[in-house]
Amino acid sequence: NPTGSEVEKALDHALYRVKAAGKIAAIYAVSGARAAELSAKGFHMVSIGSDISLLRAGAHAALAAARA
């Protein structure tokens, strides 16, 4: 479970260690909602989605518009 308590604890630990080392904390998020959660948690850079998921979403939206 990517949002389970064990994962959240590991993320908190990693974020603490990265910030303590004076580094920028970056992470990948599978959705905009998850990106907002991770940003609020304190991550400096959050990648939202993958190129494939964004291309797929755009293709579905274009196809829906063409069929309307």
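Analyst: This is a predicted model. Its largest nonpolar core has eight residues, namely Leu11, Leu15, Ala25, Ile27, Ala29, Ala35, Leu38 and Phe43, and helix H1 (5-20), strand S1 (26-29) and H2 each supply at least two residues of this core.

User: Which residues does leucine 15 contact, leaving aside its neighbours within four places in sequence?

Analyst: Leucine 15 is in contact with Ala25, Lys41, Gly42 and Phe43, once those neighbours are set aside. Of these, glycine 42 follows H2 and has a positive phi, near 125 degrees.

User: How should I read the sides of a helix, and which residues of H2 are buried?

Analyst: An α-helix has 3.6 residues a turn, so residues three or four places apart point the same way. In H2 the buried residues are Arg34, Ala35 and Leu38, and they lie on the same side of the helix because they cover an arc of only 105 degrees around the axis. That buried set packs against H1, S1 and strand S2 (45-48), whereas the face turned away from the buried side carries the exposed residues Ala33 and Ala40.

User: Why does arginine 34 count as buried, and what does arginine 34 touch beyond four places in sequence?

Analyst: Burial here means a relative accessible area under 20%, and arginine 34 counts as buried because its relative accessibility is 11%. Arginine 34, which is placed in helix H2 (residues 32-41), touches Pro2, Thr3, Glu8, Leu11 and Ala29 when residues up to four places away in sequence are not counted.

Notes
Residues numbered from 1 in each chain as written. Predicted model: local features only at pLDDT ≥ 70, side-chain atom pairs only at ≥ 80, totals over all residues. Heavy atoms only, no water. Helix = DSSP H or I, 4+ residues; strand = E, 2+ residues; numbered from the N terminus. Buried < 20%, exposed > 50% of the residue type's maximum accessible area, 1.4 Å probe, protein only. Contact = heavy atoms within 4.5 Å. Core = buried A, V, L, I, M, F, W, Y, C linked by side-chain atoms within 4.5 Å. Arc of directions from axis to C-beta.
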